[in-house]
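Biologist: I'd like to learn how to read a predicted fold from the inside out. Could you walk me through one?

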Amino acid sequence: MLGLMVFLFCTTMLQAEAWQPFGVRQLGFTFDVPPGFVLTQHSDQGAAFQGPRDAFLAVSGARLGKASFRAEIAHRMIEDPKAGWRLTYRRIAPRWASYSGVKNGEIRYVRAIMVCDERAALFTVNYRKSEKEPYDPIVVRMVRSLKAQGC
């Protein structure tokens, strides 16, 4: 019981802290990083963050070139299962896509959007399956925060 109370307190604190804006101007998108996630890697294409209890977040932009947005996401939906992810949800619309999967007690959620000039922006977040309920509102907020900007 004490462990559950500590977990709920930490989750509440995570949601109460300030979200940090992040963007890659040359790729035309912005994104809000959840509280508790620490930058571990940064490049011209995006960044990686380590979160509480071994959660992982990657945010990146991609130039699509000759590939369509749909083809890029379909390719990712093929590659993740090759890496052992069992996809449980997938949705591709003309300007956005989302999918999720499970592997070894973890959940992966991927969200992508079209941005200007045949570019895409996306984030991938991995977290423990046991933390699905507290992460649901965090993922919803991340989805809403991923936006095209500066086109």
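**Strands, a helix and some rings**

Modeller: Gladly; let's start with a pair of strands: strand 8 (residues 106-115) and strand 9 run antiparallel and are joined by ten bridges. Strands (E, at least two residues) and helices (H or I, at least four) are DSSP runs numbered from the N terminus, and two strands pair if DSSP finds at least two bridges between them. This is a predicted model, where local features need pLDDT of at least 70 and side-chain atom pairs count only at pLDDT 80 or more, while totals for chains, interfaces and linings use all residues. Residues are numbered from 1 along each chain as its sequence is written, and side-chain values use heavy atoms, leaving out hydrogens and water.

Biologist: Which residue stands opposite Thr124 in strand 9?

Modeller: That is Val110. The hairpin of strand 8 and strand 9 has three residues between the strands, and there Asp117 takes a positive phi near 55 degrees.

Biologist: How many bridges join strand 5 to strand 9?

Modeller: Eight, and strand 5 (residues 56-63) also runs antiparallel to strand 9. Here Ser60 stands opposite Leu122.

Biologist: How do I read burial, and how many residues of strand 9 are buried?

Modeller: Buried means under 20% relative accessible area, exposed over 50%, and partly exposed in between (1.4 Å probe, protein chains only). In strand 9 (residues 119-128), nine of the ten residues are buried.

Biologist: What about helix 3, and which of its residues are buried?

Modeller: An α-helix has 3.6 residues a turn, so residues three or four places apart point the same way. In helix 3 the buried residues are Pro134, Tyr135, Ile138, Val139, Met142, Val143 and Ser145. The expected span of a helix is 1.5 Å times one less than its number of residues. Helix 3 (residues 132-145) has 14 residues and spans 19 Å from first C-alpha to last, close to the expected 20 Å.

Biologist: And how many aromatic pairs are there?

Modeller: Rings of Phe, Tyr and Trp (its six-membered ring) pair if their centres lie within 6.5 Å; planes under 30 degrees apart are stacked, over 60 edge-to-face, and the rest tilted. By this rule there are four aromatic pairs. Phe22 and Phe49 are edge-to-face, because their ring centres are 5.7 Å apart and their planes lie at 90 degrees. Phe22 is in strand 1 (residues 20-24) and Phe49 in strand 4 (residues 46-50), 27 residues apart. Both Phe22 and Phe49 are buried.

Biologist: Why does the pair of Tyr127 and Tyr135 count as stacked?

Modeller: Because the ring centres of Tyr127 and Tyr135 are 4.4 Å apart and their planes at 10 degrees. Tyr127 is buried at 4% relative accessible area, and Tyr135 is buried at 1%.
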